Amino acid sequence: MSATVTLTLHPAFSVAPVRRRTFGAFVEHLGRCVYTGIHEPGHPTADADGFRGDVLELTRELGVSSVRYPGGNFVSGYRWEDGVGPVEERPARHDLAWHSTEPNTVGLDEFMTWAEKAQVEPMYAVNLGTRGIEEALDVLQYANAPQGIALSDQRAANGHPDPYGIRMWCLGNEMDGPWQAGHKTPEEYARIATETARLLRQEDPDLELVACGSSSSSMETFGAWENIVLTDAYDYVDMISAHAYYAEKDGDQASYLASADDMDHFIDSVVATADHVRAKLKKDKRIMISFDEWNIWYQHRAESRPPQGDDWPVAPVLLEDTYNAMDAVVFGNLLISLLRHSDRVASASLAQLVNVIAPIMTAPGGPAWKQTTFHPFALTSKHAVGQVLDVRLTAPSFENPRFGESSAADSVATWDEESGALSLFVVNRGAEDSLALDADLTGFGDLELVEALTLHHEDPYAANTQDAPETVVPAANDSVTLTDGHLTGDLPAISWTLVRLARRA
Ligand code: AHR
């Protein structure tokens, strides 16, 4: 007999409204994300601007709300001016972050054209590594100022008369990381971030500004960094960033399956630190979190190592991780964590969108296909509507080296009072046993079961590839039934499940 996971849901357990920006992604000039990812003139599906139609279609199907651009580590050495104006006059440059050659065929204007076609909100990162306040102001004026000054007239001359109105701006990238071009101490970063934010706001008061937080919760400066940066920048920024990547390491499957425990701890710690600064400075405003890089990333694999020596290729194969069924379950659980923290996570960006640790893969000149992680993202983005509900949960726990004890199940739900749609997201993170689901939904009145979909594969290492892109896909879970407001069913070991219900008419 399998152990039971007991869930209690109620419309009153509301955390916050679902934020569309939770479902953001990231396009960096890294590997094949831009070139042969979103942009491949000559591809059979390419449009007149050279954008792959198959990737645009999959981006819309994925349900991506916003896209961070142009980096990442790349942005800390980037000169944005290289990427505007006549393409044939743009310089090629070495990108030190990824030891690649950047041809600058795609820049801000092309990205904004793509973003419009993809129906996503842009989020732009400025270079506070090798550059500073002046260049940040310049790119803001180029992007957002109405015509009549030098830089906005330049934009118009380049074919874009109307201001882009980009709202979300990142003040640099991972400035706490010693690997970053222009890496800074917290005090150094606090100063440049505060002054940049102050002046960007003078130019355009409606911006939403994101200060760099920690590159992971394991950074030595984690906590202290956020404290110092926010103490200086509090009045000028809206969000502080968080970045986290997870992977199965040294065969420790159990800790890997519990990765969302780290994300929960990360978010709770940043919230505590931000609120400590709020109390210290006697402020009313609350700083929100932009979780603007998160994903599974096998950093130790060969494909994550940049080229070396004299080789500076354009768009090399880099960070092209292939995801398996277990990765998709951990990934779905990270989305559960992000949703659960919707009261403080105002924006998030899956890193990245295409080819580079991505849900969408492409073959140059060939097809595009969905990785396993595509499915929990697309389904969560589509069906998380209305209010996020906290789920009261009891489940057995399992031991693991990293976190000690972790719950074998994790869950969140959303409830749309208006349409009467209830979506329950639940993972069985145990590697051995299936769990019997027993959810009390009586607080919602008369519901009917719409569908139950489970992502699971008997081989947790089974993956989707170009030749077999449908190896791991969600399937109807016929064991799930609803009787008198009680939902029951089986959740196989290492599985992610979405149950959709609706108020009976
Ligand atoms: O997303 C890949 C890289 O991870 C980004 O360039 C960097 O910001 C992070 O370390």
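**Loops, strands and a helix pair**

Author: Asp 484 counts as exposed, with a relative accessibility of 69%, and this residue sits in the loop between E24 and strand E25 (486-491). Please keep in mind throughout that we are looking at a predicted model.

Reader: What is the phi of Asp 484?
Author: Asp 484 has a positive phi of about 50°, although this residue is not a glycine.

Reader: And Ile 357, is that one buried or exposed?
Author: Ile 357 is buried, since its relative accessible area is 1% and buried means under 20%. Ile 357 also has a positive phi, about 35°, although it is not a glycine, and it is found in the loop between E12 and E13.

Reader: Where is Gln 352, then?
Author: Gln 352 lies in the loop between strand E12 (345-350) and strand E13 (360-362), and a cis peptide bond with an omega of about 5° joins Ala 351 to Gln 352.

Reader: Which bond joins Tyr 69 and Pro 70?
Author: That is a cis peptide bond, with omega about 0°. Pro 70 is in the loop between E4 and strand E5 (93-95), while Tyr 69 belongs to strand E4 (residues 66-69), which is covered on both faces: Ser 66 and Arg 68 are buried on one side, and Val 67 and Tyr 69 are buried on the other.

Reader: How many bridges join E3 to E4?
Author: There are 2 bridges between strand E3 (residues 24-26) and E4, and these strands run parallel; Phe 26 has Arg 68 as its bridge partner in E4.

Reader: Switching topic, what is the strand order in the open sheet?
Author: The order is E16-E1-E21-E25-E24, which makes 5 strands with mixed pairing. Strand E16 (392-394) and strand E24 (481-483) are at the edges with a single partner strand each, so one side of each has no neighbour in the sheet. From one strand to the next, the twist averages 20°.

Reader: How does E1 pair with E16?
Author: Strand E1 (residues 3-8) pairs with E16 in the antiparallel sense over 3 bridges, and Leu 393 in E16 is the bridge partner of Leu 7.

Reader: Last one: at what angle do H5 and H6 cross?
Author: The axes of helix H5 (residues 186-203) and helix H6 (residues 224-233) cross at roughly 30° and come within 9 Å. Angles under 35 degrees count as roughly parallel, and H5 and H6 are therefore roughly parallel to each other. Their contact has 7 nonpolar, 1 polar and 3 charged residues.

Technical notes
Residues are numbered from 1 along each chain as its sequence is written. This is a predicted model: local features need pLDDT of at least 70, side-chain atom pairs count only at pLDDT 80 or more; totals for chains, interfaces and linings use all residues. Side-chain values use heavy atoms; hydrogens and water are left out. Axes are lines fitted to C-alpha atoms, for helices over the stretch in contact, and angles run from 0 to 180 degrees between N-to-C directions. Helices (H or I, at least four residues) and strands (E, at least two) are DSSP runs, numbered from the N terminus. Angles under 35 degrees count as roughly parallel, over 145 as roughly antiparallel, 65 to 115 as roughly perpendicular and the rest as oblique. Ala, Val, Leu, Ile, Met, Phe, Trp, Tyr, Cys and Pro count as nonpolar, Asp, Glu, Lys and Arg as charged, and the others, Gly among them, as polar. Buried means under 20% relative accessible area, exposed over 50%, partly exposed in between (1.4 Å probe, protein chains only). Two strands pair if DSSP finds at least two bridges between them.
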